[in-house]
Amino acid sequence: MRKRLDAKTYSEVVEALLKAAGSYQMVRPVSTSFDVEGWRLAANALRLLEGEGRPDERGANPYFVSLYRTLADTLASGAGFLFGQEGREHTAQVDQERRQWREWRFRWGAEDQQRLAEAKDTMRQVGEPGVPLPALFCSPTMELGVDISALNAVYLRNMPPTPANYAQRSGRAGRSGQAALVVAYCAAQGPHDQYYFERPEAMVSGIVRPPAIELANRDLVRAHLHAIWLAESGKELAPDIPHVLNLSDQTLPIQQEITQAFAEPDLKTRAGAAMKRVLDSIGAELTQEAALWVPDREAFAAATADAAELEFSNAFDRWRQLYQGARDQLKEANRKSELPGLSANERKTAKDQQAQANEQLALLERGTSSSGSDFYTYRYLATEGFLPGYNFPRLPLYAYVPSIGAGPGGRAAYLQRARFLAIAEFGPRSLIYHEGRAFRVYRAKLPPGVRTEDRGKLSTATLFICDACGAAHQQDEPERCHACGSTMAATHPIRNVLRIDNVETLPAERITANDEERQHQGFDIQTVFAWPLRDGAFDVARALASDADGPVLSIDYARCAKS
Ligand SMILES: [Zn+2]
């Protein structure tokens, strides 16, 4: 016809054609944000065929060519991430190698992809996928040293402790001048979070103070003095604890070649002199008022050098306890598995227990120098407070999580938590999350001697809490509070108190947020305190806060916690 249609006819023709196509299910009506009805091409009415270039011989649209090619390649390579968001952990509980893979997967630069291709076989063996990782859940391990320059969003699940931490964590995103989104969540129940919710500028553009260490802290100074003593002995320790302790002896003493080095006659004198020099160098801090514990530096250095060998050995008590516990469990499971006439179920239980005991032994015996192993000798000595250590909790609680088949997170591990967190997180029946799975705490590993003679009852303690100030007392029916002097005559005791250091878990079913909330409500956590006793006297300091009108607040505080 070659006749131009006027606008009205054009609309009618197009509408009639679309209606006809609609009756054959080739297009479908959809509502639009304009005041006309829209039509959408039905996906199943489309056939894609390889073309032979455009009839007008112009080049193909490079955007669509690349889009379809990328999609096709992605689908061919498994494309897990197109159908679900994968998120992984990047924490100290994940071993170094796996953390590295996750950084590469997350960053996904050309160099990263090449490294991933090289590590493909190792990764497949341990079940770590090689596809891009869209979300990384990080603990402060991510705070330092990891460069992910393309990062454009950081979500902080709590307000960081200080403006310095905030700068570090939020600074992960938007480097080299790019814009980035940083969201910090403030928990409704957290006093710290709420404080900064009211005053965001104090965090976001707050003062970054240089890190401070209380140099008059007795435990801290002692840990450094121990390090001097160990260095002075010239004894280099093996990375794994089985080469430090003698496992062929029931009591697991320190290996003889090590005790021989410690027994060297002038070690104490040499170490004592070196310790004294360090104490003198911080002499200005060790005032009579701040450091009651060191009235005489020379005597303190000598006493620390004298006691160092015993303390070194005592630092391994927790490892000994975990190791003996696992060995006993293995023996018991072996004995049970050999009993005649076991049911299939009983046989399986015995087998599981054998496997778990073996896993625990393997974890305890493994000590690589990477930060991945909690039982690397020097790191272990620092967590136990014998040596200094600043980047992990001191005297943490341990929870054992068993292996649950292949796949990421399948491996057994000992999880560590600082005590103040563990009291809530490692409580009886608590849920613990590790590498995308949930575990339930089902038993405590009891230290030897906590069971009474007949092995039935636990020997528990009784606590008395002062009604006036909240101080705790372990001795029987105290008359007066050691902290505030109030009478304790009518105080009700808290009976059956048991100290738990290490727990074991079992895999838990997937649970909902409601279940978890119920779990949290299950415990009433009460914070109490007791002043530390040093050489027969309470180690308490007093401070007074005042303003122009005079004193406003008097504070009593302990310089360091009891351990
Ligand atoms: Zn009191």
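In β13, Phe 464 has Pro 493 as its bridge partner. Strand β11 (residues 461-465) and β13 run antiparallel and are joined by three bridges. Strands here are DSSP runs of E with at least two residues, helices are runs of H or I with at least four, and both are numbered from the N terminus. Two strands pair if DSSP finds at least two bridges between them.

These strands belong to an open sheet of three, ordered β12-β11-β13, with antiparallel pairing. β12 (472-473) and β13 (493-497) are the edge strands; each has a single partner, so one side of each lacks a neighbour in the sheet.

## Basis of the model

This is a predicted model, in which local features need pLDDT of at least 70, side-chain atom pairs count only at pLDDT 80 or more, and totals for chains, interfaces and linings use all residues. Residues are numbered from 1 along each chain as its sequence is written.

## Overall form

The protein has 16 helices and 18 strands. Its radius of gyration is 32 Å, well over the 24 Å that the globule rule gives for 563 residues, so the protein is more spread out than a compact globule. The radius is taken over C-alpha atoms, and the rule is 2.2 Å times the number of residues to the power 0.38. Along the principal axes, the C-alpha atoms fill a box of roughly 115 × 80 × 55 Å.

Of the 563 residues, 17% count as buried. Buried means 20 or more other C-beta atoms within 10 Å of the residue's own; exposed means 12 or fewer; partly exposed lies in between, with C-beta atoms placed from the backbone. Among contacts between residues at least 6 apart in sequence, 59% join residues at least 24 apart. A contact requires C-beta atoms, placed from the backbone, within 7 Å.

## The five-stranded sheet

A second open sheet has five strands in the order β8-β7-β14-β10-β9, with mixed pairing. β8 (413-417) and β9 (431-434) stand at its edges; each has a single partner strand, so one side of each is left without a neighbour in the sheet. Neighbouring strands are turned by 35° against each other on average, direction ignored. Axes are lines fitted to C-alpha atoms, for helices over the stretch in contact, and angles run from 0 to 180 degrees between N-to-C directions.

Strands of a sheet pair through backbone hydrogen bonds, either parallel or antiparallel. Strand β7 (residues 397-401) pairs with strand β14 (residues 502-507) in the parallel sense, over three bridges. Tyr 400 faces Glu 504 in β14. β9 and strand β10 (residues 437-445) run antiparallel, joined by four bridges. Here Tyr 433 stands opposite Ala 438 in β10. The β9-β10 hairpin has two residues between its strands, and Glu 435 takes a positive phi near 50° in this hairpin.

## Helix α4

Helix α4 (residues 110-125) has 16 residues. Its first and last C-alpha atoms are 23 Å apart, close to the 22 Å expected at 1.5 Å a residue. The expected span is 1.5 Å times one less than the number of residues. The helix has a kink of about 60°, centred on Ala 119. The bend at a residue is the angle between axes fitted to the seven residues ending there and the seven starting there.

Gly 127 follows the helix and has a positive phi, near 80°.

## Exposed residues in loops

Glu 57 lies in the loop between β2 (38-41) and α2 (62-76). Its phi is near 65°, a positive value in a residue other than glycine. Glu 57 is exposed, with 6 other C-beta atoms within 10 Å. Arg 429 sits in the loop between α15 (419-425) and β9. Arg 429 also has a positive phi near 65° and is not glycine. With 11 other C-beta atoms within 10 Å, Arg 429 is exposed.

Glu 338 is in the loop between α12 (317-337) and α13 (344-365). It counts as exposed, with 9 C-beta neighbours inside 10 Å. Glu 338 and Ala 350 are twelve residues apart in sequence, and their C-alpha atoms are 9.4 Å apart.

## Lys 8 and Ile 555

Lys 8 is in helix α1 (residues 7-23). It is exposed, with 8 other C-beta atoms within 10 Å. Lys 8 and Ile 555 are 547 residues apart along the chain, and 86 Å separates their C-alpha atoms.

Terms used
Contact = placed C-beta atoms within 7 Å.
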